[in-house]
Amino acid sequence: MKYFAGLDVSVKETAICIVDEVGKVVRETKVLTEPEAIIALLNSAGLEYERIGLEAGPLSQWLVNGLAESGLPVICVETRHMKAVLKAQQVNKSDRNDARGIAQMMRVGLYKPVHVKTLGSQHAD
């Protein structure tokens with residue numbers, strides 16, 4: 001079975017939703033917004049992920065690089081596109097619902113990825 005995760009990132013906590021290939025919620029929780037905490041939670045589920053999505057934002061470069069370095073298939077999604085898709089779902093705006101919406105976007109392939117530079121490429125000599 002394939003699994004997908006959505007991360008709704010805020011400064012202190014990140015809401016995480018994991019769904020299976022038919023859209024059933026497998027797990028929902030919040031963890032500290034630290035790559036290590038997010039990786040630990042995702043790995044503790046013992047699942048193989050097809051895609052893990054998060055919205056582009058101030059912390060996305062740090063988180064995307066951390067998750068990618070650990071071997072997770074992370075995708076950073078364009079902000080305006082994500083906002084439009086989540087708004088169309090017509091559910092109450094909350095971290096939990098946003099994480100669910102992002103997970104479903106990953107599952108059905110309804111997203112526009114943005115390129116995130118590696119931290120190494122940011123340092124020009």
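Reader: What does I52 touch beyond its neighbours within four places in sequence?

Author: I52 is in contact with A5, L7, L42, L67, L72, P73, V74, I75 and M106. Contact means heavy atoms within 4.5 Å. This is a predicted model, in which local features need pLDDT of at least 70 and side-chain atom pairs count only at pLDDT 80 or more, while totals for chains, interfaces and linings use all residues. Residues are numbered from 1 along each chain as its sequence is written, and side-chain values use heavy atoms, leaving out hydrogens and water.

Reader: What makes a set of residues a nonpolar core?

Author: Its members are buried Ala, Val, Leu, Ile, Met, Phe, Trp, Tyr and Cys residues, joined through side-chain atoms within 4.5 Å. Buried means under 20% relative accessible area; exposed is over 50%, and partly exposed lies in between (1.4 Å probe, protein chains only). The largest such core here has 19 residues. I16, I38, L42, Y49, I52 and L67 have the most contacts inside it. At least two core residues come from each of β1, β2, α1 (35-44), β4, α2 (60-69) and β5. Helix α1 gives the largest share, 4 residues. Apart from this core lies another, of 14 residues, including I75, A99, A103 and M105.

Reader: How do you know which strands pair in the sheet?

Author: Two strands pair if DSSP finds at least two bridges between them. Strands (E, at least two residues) and helices (H or I, at least four) are DSSP runs, numbered from the N terminus. β1 and β2 are joined by 7 bridges and run antiparallel. β1 and β4 share 5 bridges and run parallel. There, L7 faces L54 in β4. Another 7 bridges link β2 (residues 13-20) to β3, again antiparallel.

Reader: What order do the 5 strands take, and which are called edge strands?

Author: The open sheet runs β3-β2-β1-β4-β5, with mixed pairing. β3 (25-32) and β5 (74-77) are the edges, since each pairs on one side only. From one strand to the next, the twist averages 20°. Helix α4 (residues 95-108) packs on the sheet and touches β1 (3-9), β2, β3, β4 (49-55) and β5. Its direction makes about 140° with that of β1. Axes are lines fitted to C-alpha atoms, for helices over the stretch in contact; angles run from 0 to 180 degrees between N-to-C directions.

Reader: Why is β1 described as largely enclosed?

Author: 6 of its 7 residues are buried, so the rest of the structure largely encloses β1.

Reader: What makes T33 buried, and which backbone oxygens does its side chain reach?

Author: T33 has 4% relative accessibility, so T33 counts as buried. This residue sits in the loop between β3 and α1. Its side chain reaches the backbone oxygen of S10 at 2.7 Å. A polar atom of that side chain lies 3.2 Å from the backbone oxygen of E13. A polar contact is a pair of N or O atoms within 3.5 Å; within protein, one must be able to donate a hydrogen and the other to accept it, and residues adjacent in sequence count only if both atoms are side-chain atoms.
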